[in-house]
Structure formats: C-alpha cells, structure tokens
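I wanted to go through this model piece by piece and jot down what I looked up. These are my notes, in the order I took them.

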Amino acid sequence: MSSKTTALIAACLLTAAGCKEDTTNSSCVEHEDCFDDEICQSHRCQLVYGQQYTIMIESARYLPTSNPDGGFWDPLDGDDGQEPDPYAVFYDLDGTFCSTSRITDYATPTWGQRCPGAFTVEEDSLYGWSIYDDDDGTDDELMAGTADGEEFPIQVEWVRSGQFDLQAGNTSITFGIAPR
Ligand SMILES: [Ca+2]
Ligand SMILES: [Ca+2]
C-alpha cells in the first residue's frame with residue numbers, strides 16, 4: 001500500500017468530508033503521488049484543470065519542403081531564399097493567442113519561445129497550432145496543426161511531462177507547458 005493510499009485512508013477515517021478535498025494539496029514528491037487528475041507542484045498535489053499555464057513553443061521538424069503546387073515557398077527574387085521562413089502560433093478557442101518570431105530560410109526551426117500570456121486550461125478547453133511562412137503579403141500556411149484534424153484538449157500526461165509533441169502530416173512540433 002502506497003503512502004498516498006495510507007494517507008488517504010487516514011484522512012477518510014478522520015473526517016466525513018470528501019477524501020479528495022482532504023488530499024488535494026497533500027505533500028508529494030512526484031506526480032504519481034497525486035490523483036490521476038493532479039500534478040505534484042512545489043510538493044503539493046494540485047488539480048491539472050482550472051489552473052493557468054505558460055506555453056513554450058519549442059521547435060518543429062519535417063516542415064513540407066515544397067508548397068502545395070510542388071514549387072518553392074518563396075520566389076528567388078525575394079529578400080531571402082526560397083526556403084520557408086517559419087513562425088508558429090498556438091491558440092485556444094477563448095482568444096488567447098501566441099506567436100513566435102520567424103526564422104529565415106529554415107525547415108527545422110527551433111524557436112524556444114515562451115508565450116507571454118497565460119493559458120487557463122480547463123478539461124474542455126480546446127487548442128490548436130499552425131506554422132506559417134512569413135511573407136511580405138499574405139503568409140503561406142506551412143501546416144495547420146491540430147490533433148486528428150480538430151482542436152484538442154490539453155491532457156494531464158502532457159502537463160505531467162512538461163512537454164507535448166503534436167503531428168500534422170509529416171510535420172511534428174514540440175511544446176512545453178508549466179504551471180504559472
Ligand atoms: Ca512564401
Ligand atoms: Ca524564404
């Protein structure tokens with residue numbers, strides 16, 4: 001029997017109040033010491049959902065090397081090369097939005113940029129991402145990022161591991177996530 005279970009039983013014996021409430025904020029060392037919907041943060045079990053998080057847009061791999069017509073992403077007579085100049089965005093459906101700076105002529109960008117705004121993550125909150133080629137006029141969309149073609153919820157496992165990788169076509173993108 002784990003110490004967590006022992007503590008839970010003790011708490012339930014001591015009070016008629018909900019066992020869960022008694023153990024949220026209980027001391028912990030790792031996430032597995034907490035309930036499945038919690039993380040261990042500063043040695044306290046905290047519910048994953050209902051909290052504010054910082055999102056990091058880390059990097060992307062395997063961006064499409066040619067545009068949908070099979071040509072280069074940029075004209076040869078432009079200010080930079082024909083390779084795409086990618087920047088990434090991450091957003092929720094409540095209007096919180098984050099964008100990286102662009103990286104010129106690079107198909108395996110590493111941004112490592114922290115979104116300034118807080119994302120309040122609820123269990124039913126939905127998120128999406130996209131990667132664009134920064135252009136003088138309308139930016140080309142390199143990849144529309146969702147999970148299985150739709151906006152997706154943040155999963156407890158992602159918060160526990162502190163990062164998550166998502167795929168669209170052959171393109172993958174890595175995000176970091178941390179409680180604020
Ligand atoms: Ca372009
Ligand atoms: Ca370019």
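The entries below go from confidence to layout, strands, core and a few single residues.

**Ground rules**

I am working from a predicted model, where local features need pLDDT of at least 70, side-chain atom pairs count only at pLDDT 80 or more, and totals for chains, interfaces and linings use all residues. Residues are numbered from 1 along each chain as its sequence is written, while chains are lettered from A and ligands numbered from 1 in the order in which they are written.

**Confidence**

I checked pLDDT (the predictor's confidence in each residue, from 0 to 100) before anything else. The protein has a mean of 86, with 84% of its residues at 70 or more. Where is confidence lowest? I found that in helix α2 (residues 19-23), with a mean of 46, whereas strand β6 (residues 110-114) has the highest, at 98. Residues 9-22 have pLDDT below 50, and this stretch makes eight contacts in the model beyond near neighbours in sequence. For contacts I use C-beta atoms, placed from the backbone, within 7 Å. Where pLDDT is low, the predicted coordinates should not be read in detail.

**Layout**

I took helices (H or I, at least four residues) and strands (E, at least two) as DSSP runs, numbered from the N terminus. The protein has three helices and eleven strands. Along the sequence they run α-α-β-β-β-β-β-β-β-β-β-α-β-β. Of the contacts with a separation of 6 or more, 52% join residues 24 or more positions apart.

**Strands**

I call two strands paired if DSSP finds at least two bridges between them. There is an open sheet of four strands in the order β5-β4-β8-β9, paired antiparallel. Its edge strands are β5 (97-99) and β9, each pairing on one side only. From one strand to the next the twist averages 20°, with axes being lines fitted to C-alpha atoms (for helices over the stretch in contact) and angles running from 0 to 180 degrees between N-to-C directions. Within this sheet, β8 and β9 pair over five antiparallel bridges, and I noted Trp 129 opposite Gly 145 in β9.

I then looked at β11. It pairs with β3 in the antiparallel sense over eight bridges, and Ala 60 has Ile 173 in β11 as its bridge partner. Strand β10 (residues 163-168) also pairs with β11, antiparallel, over six bridges. Two of the partners I picked out are Gly 176 for Gln 163 and Thr 171 for Ala 168.

**Core**

Which residues have the most contacts inside the largest nonpolar core? I got Ile 55, Ile 57, Ala 88, Phe 90, Ile 131, Ile 173 and Phe 175, in a core of 30 residues. Such a core is a set of buried Ala, Val, Leu, Ile, Met, Phe, Trp, Tyr and Cys residues joined through C-beta atoms within 7 Å. Elements giving it two or more residues include β3 (51-61), β8 (127-133) and β11 (171-179). The core draws at least three residues from each of domain 1 (3-47) and domain 2 (51-179); domain bounds come from an automatic or database domain assignment.

Beyond four places in sequence, its contacts include Ala 60, Ala 88, Leu 142 and Ile 173.

**Burial and single residues**

Buried means 20 or more other C-beta atoms within 10 Å of a residue's own, exposed means 12 or fewer, and partly exposed is in between, with C-beta atoms placed from the backbone. Buried residues are 24% of the 180 in the protein.

Asp 165 is in strand β10. Why is Asp 165 partly exposed? Because it has 14 other C-beta atoms within 10 Å. Beyond four places in sequence, Asp 165 is in contact with Ser 172 and Thr 174.

Gly 169 is in the β10-β11 hairpin turn, with a positive phi of about 60°. It counts as exposed because it has 12 C-beta neighbours inside 10 Å.

Most residues other than glycine have a negative phi. I found His 43 with a positive phi near 65°, in the loop between β1 (38-41) and β2 (44-47). Tyr 62 is not a glycine either and has a positive phi of about 60°; the loop between β3 and β4 holds Tyr 62.

Key: Contact = placed C-beta atoms within 7 Å.
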